[in-house]
Every structure is written in structure tokens, then in C-alpha cells.
Amino acid sequence: MKILIADDDAVSRLLLEEVLSEMGHEVISVGDGDRAWEALSTDPDLRMVLLDWMMPGKTGIEVAQEVKKHFHRNERYVYVIMVSQRDSTVDLVEAMDAGADDYIPKPVDVSELKVRIISGIRLLDFHNRLRAAGIRQEEINEELRTAHDELEDRVERRTAELAEANRRLRLSEETFRAIFESAEDWMFVKDAKGRFTHVNPALLKSLGLDHKQVIGKTQKKISEPDEAEALGEVDSRVLAGHTVKHQYTTVVEGRPIVAEFVRAPLRDAAENVIGLCGIGRDVTDRVRQLSHPDIRTTGPLSERYTSLAIRRTLDQIELAAASNSIVLLLGESGVGKDFLARLIHERSRRAKGPFTAVNCAALPSELAEAELFGYEAGAFTGATGRTRGFLELAEGGTLLLNEVGELTLPMQAKLLTFLDSRAFTRVGGRSPIVVNAKILAATNRDLKEEVDEGRFRKDLLYRLDVFTVHVPPLRDRIEDLPVLVEDILEDMARSLGLPQAPGVYDSVMAQLAQYDWPGNIRELRNILERALILSKGGKIGPDHIDVLAAERKHPEETGVQLAAHACESLILDEAITNLRQSFVTEALRRSGNNVKRAAEFLGIGRNTLYEYMRTFGLRD
């Protein structure tokens, strides 16, 4: 069939021409109503026309009226399909009154268009067969009136469907608005350019702003530069199609709070991302934030310490905090690698994000993958819901892989894959998850020796060994003891609610300086904690550490001696409990807090030792 297309939108004309040509029709297209009417008037073979509603010259409605006036009286039937961006009941009725046979909204659905074209051809064929059979025009008109009545019935049904759809849409909008306006959670919507389009009252209250100060603005306009940059990175990933759950620390009314958000992309009917929405809440009360009296976010780190060894290390920490590279912390057990990792986080531009630490030595081998990467519901027996792993919890912040040398070889391979791509898949999941976090690793093992022994992957060592910081043992920085003792006692006094931190006598400091500290700062903290208890919060003197001095002289006798001293006035069960605690503590000290070796010393399994540690409050 020869079909005319009249549309001033060149892109729409090309689409319609392509569809109709594929159906085997001959197509003529024009860009305005005047040329459309001229073509219809001069070419009797044109039996169908697709008219755009608004065009230069005659409008589509006016052309349809001319067709109805001039052709339908004479025995030439031209089938008119009106095409318009305005999909409403009023427009549909107006088009039918003007003489249109059918109506289709823009953007044109190709499948729907093909159905309308085929319907029009069948009606024209029916009209031609009636004429060929000699049926009078009045009969044809009657048939047409019947067809028109059926069309009106269809329009009426369509009108009712649209009214119901509109009612449901209004109900959905009202429900959404009620939830949006009354929710205590923070909610917002942004467009594809990152501008706020909707913000609920709860979020506005937390920001201390009103609608005019937020709507139409980007994050850079309402947040501090470092916070805006971090959130902008998250928004970019969401607009790329990812759903991101993350935490960050911000300041609300002068009070630092931890906010947790879920950000998801918004898509149109064609699955194109057109913006994003976010839901968040204040989770400060349920997120345990690690702290230390010497973690500072400004000023040189090394100015408080005397030893050259730690000053060099802290200078490296400054460089590590300013970089996004992987950092590997090496040093003996108890030297403070976890503290330095936290320090790197606090001094980095990710300080407002979460700090997540995972002890790889404490991960059961059969559950290590699920703990690190998370799992989906049904991934294994007992997995009743989706759970995020340590990697995902570190989104937007810092992840410390403590004792990374304890991972099994299969887990090392999975970790290497993540470090290369920064993406992983939950256990039982299919969709890759991208994580934006700074990665730190720490170990007291000699990883090169572990590689030679076949216990550590060489390629993983190369991947971790980007920026390596060697943390000196306490025996190499004895001159820092006064500062360390002061810091530790201040921290203990604060946790115990003491009015001020107790001091130590010079003789005590001299005695501490003569010891070689195999357990490093962790051992120093334990000794000071015991001394503080014995001194009842007062100044610590030689009498408060003499038992500990004996322990250092005769470590092989210490466990039993301490237990006997503590149990002089206790009943048997209490004595046995204290004796067990002393043996566990001594085994951990001798092993440098290596749980595996401590369990071997005691002749028990690691799980049993973990249970004792939990019972005696030694797990941390």
C-alpha cells in the first residue's frame, strides 16, 4: 500500500519510514501539513496517512478535517491515523471528531504501530470489497457507522482504563508523598546531573536547610569539599547502574554522626538511568567507633616521639594516608599495626567513611569466603537472608586485613581477584559488586619466607607490596616509653572514670626501660592495666609491678605462682578458674598473641582457646 507520513520531526519520520518499509509498503513523507494535503489531493493512490498533531502550515487536525470533507463523500476512503505526544482522552476524542480513524501516542511503540497499520489495511480492503460487490454507498456508510460505533466503544473502554490508571497513579503518588513526608529516615532523589529534585523534611532538618537551599543544587553546593567529593564518587557509580550501601561520618548541629545510606539508580521504561534515589538514617548509636587518645587529624604525627625509628615510620604513615594505594604494615605482634591502620584512615580523605577491620586469623576456613564477601539467601544451610561481608561494609572507607598471612591459599586467590578488579560476587550471588575502599593489610609473618615455603601466593605478595611500612618493635624505641605510658594510662583512666590519669615513679619507668618487651606495646598495656588495678587508681610504684618483674625473670614459673598468690583465700572452683585464666594469658604472651601457637602450648584446640578468651574477656 502507498502510505503518506506527515511529521515535522525528522527523527520520527525516519522511524516511521523504516517500520513501514520493512512491512513492504511504499512510503512518501513530508514535513508540514500543507504538503501533506497537496500530496493527498494529487495522488489518488494514497489510501492511508499518518498525521502529526502539530505541524507547520495545516495542523494534523486540519488535514484530517479536509480528508473527511472532500474524500469520504466521494468513494475514495483515506484511512487517517493521528500521531501525537499528547496521550489524553480529550485529544483522542478531538482527533476522532476531526475525522481520524485511529490514534497513537508518541513515542511510537513499533509493535502497536504495526497492529494499527494492519487494522487500517483490513478496513480499507473491506471497503474495496463492498464497492466491488456493488453495494451502495449508503450501505457502506452504514457499515462504517457500525465500525465507528465499535471504535467509540473501544475509545470509551480505553477512557475508562485511563481513568482507572490515573486513579491508581494518584493513589500511589499520595501514598509515596505521605511516606516521604512523614518518614523519620532521610530520603532524597537526584537527577542524572546529580541535582536534588526531592528531599524529605527529615533530611532537611538534619542538614539544617530548607527546600530552596537544596532543590536544584548539587552536593558540592551544600556539603564540605571532602564530603562532597566522597559522595560524588558514590553517586557516579549509582548513575552507572550500581546500587550502593555505604556509611560516612558527617557533622550535624556540631555533633559528629555516622550515617548509613542505600543509593539506587532510577530508570525509565527503556531501562535508561535517569537519576538516583537514596534512603539513610543515623546509626551512630549502633556503630562502635574505635578511638585512641593519640589519633589526631591535624598536625605532624612524629613530633611527640623521641625515637628515630618511630618518627620514620610515622612519616611513612603520613604518605600512606595521602595515597589511595594498598598499604602493607609489617611488624611483630603487639607493635600497634592495627592502631597505625586506624591512624592512616583518620588522616586520609576517607576519614568520614567507615573503618572496618577483620582478623583473618580468626576466620574459620569454611566460612572465610562468606565473612569477607557476604552471601545471598539460600547460599548454604542456615543462610536465610542476604548478608554483606567485610569488604562491602568498608564501602567509602578503609578496610584492614589484619593477619593477612593466615588466609588459606584458596582465599588468597579470591582476595587477589578482588584487589585486581575491586569487584566481587557474594557467595550464592551472580551480580558483581564494586567496592570503593582503601585497602590495608597487616601481618607479623615474613611473607617472603611464607612464599618460599609455599604458604603464601607470590602474586598476592606483589599486589600487597605497593607501599610497605615496617613498624619497629618496642625494644627499638625504648626512649618513647614515657609518652606511651602516659597515653595508655590516660586512656585507661578515661575508660575507668578516674578523675585524672595516675603517674608512675621514676624507679618504675627505669625498671620498664630495662625490659626487652617481647610482647611489645600490647604487653606494656597489660602490665600497666594490672598495675593500675593494684594501685587502686593511685600513682604506680615498684610494689605494683614487682610480681610482674618476677614474671619477667622466671616466665616458666609465672603462671602457677600468680595463680597461687591470687587463690590464697578462694574456694577450689574459683582457684581453678583463676589458674586456667593465668595459663591462657601466659600462653598468649609467650606466643606473641598467636592463637594457633598458644593453643599448641596448652595442648587444646583453637576453638576451645577462643571460648576461654571470650570467657575471660581476652578476645580483643
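**Helix faces and what covers them**

In this predicted model, helix H19, which runs over residues 506–513, has as its buried residues Val 508, Met 509 and Leu 512. These three cover an arc of only 100 degrees around the axis, which puts them on the same side of H19. Such a pattern can be read from the geometry of the helix: an α-helix has 3.6 residues a turn, so residues three or four places apart point the same way. What covers the buried residues of H19 includes helix H18 and helix H20, the latter made up of residues 520–534.

Helix H18 itself spans residues 481–496, and Ile 488 lies within this helix. Is Ile 488 buried or exposed? With a relative accessibility of 6%, Ile 488 counts as buried, because the cut-off for a buried residue is under 20%. Once the neighbours within four places in sequence are left aside, the residues in contact with Ile 488 are Ile 521, Leu 524, Arg 525 and Leu 528.

Which residues of H11 are buried? They are Ile 310, Thr 313, Leu 314, Ile 317, Ala 320 and Ala 321, and they lie on the same side of H11 because the arc they cover around the axis is only 110 degrees. On the face of H11 turned away from this buried side, the exposed residues are Leu 308, Arg 312, Leu 319 and Ala 322. The cover over the buried residues of H11 includes both strands and a helix, namely strand E11 (327–330), helix H12 (337–347), strand E16 (438–443) and strand E17 (467–470).

These helices can now be set within the whole protein, which has 25 helices and 17 strands. Of its 620 residues, 44% are buried, and the accessible surface of the protein comes to about 32700 Å², with 50% of that area belonging to carbon and sulfur atoms.

Methods. Residues are numbered from 1 along each chain as its sequence is written. This is a predicted model: local features need pLDDT of at least 70, side-chain atom pairs count only at pLDDT 80 or more; totals for chains, interfaces and linings use all residues. Side-chain values use heavy atoms; hydrogens and water are left out. Buried means under 20% relative accessible area, exposed over 50%, partly exposed in between (1.4 Å probe, protein chains only). Helices (H or I, at least four residues) and strands (E, at least two) are DSSP runs, numbered from the N terminus. The arc is that of the directions from the helix axis to the C-beta atoms. Contact means heavy atoms within 4.5 Å. Accessible areas come from the Shrake-Rupley method with a 1.4 Å probe; for residues, only the protein chains shown count as cover.
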